[in-house]
Amino acid sequence: MNSNRPFRLLLPAILAIVLAAGPLCADSAPADAPRAGLAVVLGADAAKSADLAARGYYVQALDADAARVAVAREALSKQGLYGVRVAVDRFTPPRLPLTDNTVNLLAAEGAVVPRDEILRVLAPGGEASLDGQTIRKPRPDAMGDWTHPRCGPDGNPVSRDTLVAPSRQIRWLAGPLWGHHCGPAGGVCADGRIVYVLREQPLGERMMPRYRLMARDASNGLLLWSRPVPGRSSDRWPFYTPQFPPAALVASGDRIYTVAAAGRPLEALDSRTGRLLKTYDNMPSPESIVLSDGVLILSHGTELHAANAETGRPIWNQTAVLTRPLGAWSSSPVVAADGRTIFRRQDRGKAAELISVETKTGRPLWSAAAAKLPAGGWADYQVILAYEKVVLLAGNKGVCCVSDDDGRLLWHRPGKTDGAAFGMDGRIWLRGKTSLGGVLYGWTAVDPATGQADREVGVPQKLPEGIEGKRILDGQCNFEVATPNYIVTTTRMSLLDVRSGRFDNTMITRGPCKFLLAIPANGLLYSFPKDCVCYPCLRGMVAYGPAADPPPDGADAHPLIAGPAQTPTDAADPADDDWPTYRGNPQRGCATASAGPAALETMWAADIGGRPTAPVVSGGRVYVAAADRHTLHALDAATGATRWRFIAGGRIDSPPTITRGLCIFGCRDGWVYALRANDGRLVWRLRAAPAEGRIPAFEQLESPWPAFGAVLSDGQRVYASAGHHANAAGGIGVFALSPATGKVLWRAAPTVECVNNVLTLTPAGNVYLAYYKIAWDAKSGQPVRDAAAFDASPAGYLNDETLRVLPSFDAVRVVDVFPGKLVKGRRAENVPGEGYEVTLSRRGPDSKLQAVWTHAALPVRVNAVALAPKTVYLAGGNDAPWNPEAADPWAVIDGGLGGSIMALSADDGGQSARAALDAPTVRDGLAVAGGRLYAATRSGKIYCMGRR
């Protein structure tokens, strides 16, 4: 059913990852404890795995023996390490179930895996210890870095990486899922590490942003360190002025050059640990940084200052330098190449000149006047790039090229330009209209010496089949980049071959607006978190690798393994007042026929030792997973005592479904598990992923085709899905399974562009992939047309970083919760402290919804709703006004103010009860069953509430 306020009008906001902020002192190293990357132990050695975890690694232990795996899992779980820092899996030698080039350290006793296989999984620079012998993997010469905002000091946004190629293979993923509209405030990559400034600025929230400097391993995406960036931004809404200069970030070897914040001195950090190495306090705070020939060239206002990078000794300076707009991306006013630094300069009362000086000494080499240019001269042009002895400038009157030897004007092409240009393949490539037919836009290659065009390539005007969105090909939102072989173009990170003109669509994610479309380096394409809901995008930070072997197909692609337990034959189905599945019912309505409690007294509270999923309740037990600890817990619904627990092979991102005496759930390891609901013993497990494998994802490892925990059941069949995106390698698989045996009854795959989501059951009884209006007949698996009950968020059900909680509904009522006021045609603006808006509507005979009551300012940041016959339960974090002067201004966002549950009358909205929680609930973290209310909070506690 469609809500009376369609979700499409609301641009989902973000809650960025929870990271502590604090002052950054020049004489200290406040970086978070540095980590070391990914280690693999061959053999289920719990002691060795724990030791490596203590040294900062995330550890994946692999063993061929299932019994040893189970023992190691249990031992590490008791130490509080399992899942969070260590995982143990079974594997079948000789192939390692790991993606290429991701492992930093591998330890093994006994040669169970060939040397070539070990070298395949080792990251460049990684090493393996095999029976006392050390193997190191060199970094291929064909890999490139991205050391400056525009790749290098020459300003040419072309990586030298020749390994980047068309691919739909996901190499790794990282959070947060949602980023700022304009992307990070800078990003570079060198020495096997990718470093960027994360701008945590929830869209839709009237508040100031905060920043963190983040370093990840470039091969596997694991977080190495992070440190807060202090300072404040202006309070103009919604376009805050960033206090971190976008061009003030440069990488060189194992050093990072940056500023802590605008106005602070330049610093050199160890890129491996984030430790402060040097402060250049004898130089002005830079607004941009260029490093060339061991010389740091810093811009400050209209001045340039050059210093020795190692010692900090000043070398030369220039004044009256014409700079780019300060807020612009890569706003350096200089380019440096071949031992020379080129910039524009204009003394008072004189015409602008183009200047070249020797980088190491500042000795003048030449100056050039604006001969043969339109009125305005060099002041109308910006220095763009240097390439093969020429310097390119662009402005609103065209593009011009001068000789790097003497500043002589070589050629000028008039006309408007956006300044997009590349130096590659011995040519200057300029973006603009071409003479090619059927092309939306393209690039023209010109001779650097003459400006004569000799080649054209273009982006096709026609959308690929099955691809949604009208603007995905125009590339209007991002800064395009290139490699020697490809231009990375369109908003969807497609590759255009500059030699053949072939256009390859990636169509899995997109770059954030107003930032780099991608960083091509280390043989990968890196995309940053974005906020856009325009297209079905894979969210978060994504790295694509070269195409891998295709996954196997056929019957053997999805092995079914029987467990030691037998399927219950006399188990009763869930009762009418149970809450047996995620959001209560197969329609995911968060509604129940059970009469919820009128009082909200805490009857018991249990701590499961990790951040929980939402709970489900059936047969006198509460089932909830400690998601990051890979553990499913069954608690006594009356007392909270642990009945049993089960450790799986990966994250369990959402609660199980209880049906026919079984507890069935999907896992991020790509498998679907069926346990006996009464004792947790394994009945069967099926691999929904098309092949066994692991990729780094969100600081752990998971299958390239993870399965959602919340499987769907209609009482006859169980439905599960695995995969990230329909266009990724392997795509998305949707399965109908026999609950009793796990046998695959049918398998389907979306044929149009979409991101995987929690499956729902429509009123017509069809299996539905929410938001994308993709449905299959529940019995046959054939595609059917079904508009479904209501359109879920493109963010997905489980995205806890969005402010918008999805509607709760039954046959005639809908409960809508909005963060702030919804203005027609625009997203809502939430002001912390002004509350959330809650509306209960009733559907009339004409199927239209009419509001019954509305709360305009509920003092809870609602992220969980449960609709009972007489009561609406709402829960979340406590709301409070935004106070930038508070000790922790972000406590209202991060949940530091605790949480609450409220009970409102379904008849008139009157408050009947309220209870305090130690922390906000997790998303959809309420369940009503047996006359009681159950809540799961971010702190790891499960509450049971009612009347004592």
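1. Arginine 676 is found in strand β47, which spans residues 671-676; strands here are DSSP runs of E with at least two residues, helices are runs of H or I with at least four residues, and both are numbered from the N terminus. This is a predicted model, in which local features need pLDDT of at least 70 and side-chain atom pairs count only at pLDDT 80 or more, while totals for chains, interfaces and linings use all residues. Residues are numbered from 1 along each chain as its sequence is written, and side-chain values use heavy atoms, with hydrogens and water left out.

2. With a relative accessible area of 19%, arginine 676 is buried, where buried means under 20% relative accessible area, exposed means over 50%, and partly exposed lies in between, with a 1.4 Å probe and protein chains only. When neighbours within four places in sequence are left aside, arginine 676 is in contact with Ala565, Gln566, Pro568, Trp644, Gly661, Leu662, Arg681 and Val683, contact being heavy atoms within 4.5 Å.

3. Threonine 567 belongs to the loop between β39 and β40 and, at 24% relative accessibility, counts as partly exposed. Leaving aside neighbours within four places in sequence, threonine 567 is in contact with Leu662, Val683 and Ala740. Threonine 567 and tryptophan 684 are 117 residues apart in sequence, and their C-alpha atoms are 8.8 Å apart in space.

4. Arginine 583, in the loop between β39 (560-562) and β40 (601-607), has a positive phi near 60° although it is not glycine, and it is buried at a relative accessible area of 2%. Methionine 493, in the loop between β33 (486-489) and β34 (494-497), also has a positive phi near 60°, and at 0% relative accessibility it counts as buried.

5. One joins proline 93 and proline 94, with omega about 10°, and proline 94 sits in the loop between β3 (86-90) and β4 (103-108). Another joins glycine 175 and proline 176, with omega about 0°, and proline 176 sits in the loop between β7 (169-174) and β8 (187-190).

6. Helix α1 (residues 46-54) packs with helix α2 (residues 66-78) at an angle of about 40°, and their axes are 9 Å apart; the axes are lines fitted to C-alpha atoms, for helices over the stretch in contact, and angles run from 0 to 180 degrees between N-to-C directions. This makes α1 oblique to α2, since angles under 35 degrees count as roughly parallel, over 145 as roughly antiparallel, 65 to 115 as roughly perpendicular and the rest as oblique. Ala46, Ser49 and Ala50 of α1 make the contact with Ala72, Ala75 and Leu76 of α2.

7. For the whole protein, there are 4 helices and 69 strands, and buried residues make up 62% of its 948 residues. The largest nonpolar core has 53 residues, and those with the most contacts inside it include Trp579, Phe665 and Tyr934; such a core is a set of buried Ala, Val, Leu, Ile, Met, Phe, Trp, Tyr and Cys residues joined through side-chain atoms within 4.5 Å. A second, separate core has 40 residues, among them Ala39, Val88, Leu105 and Ile135.
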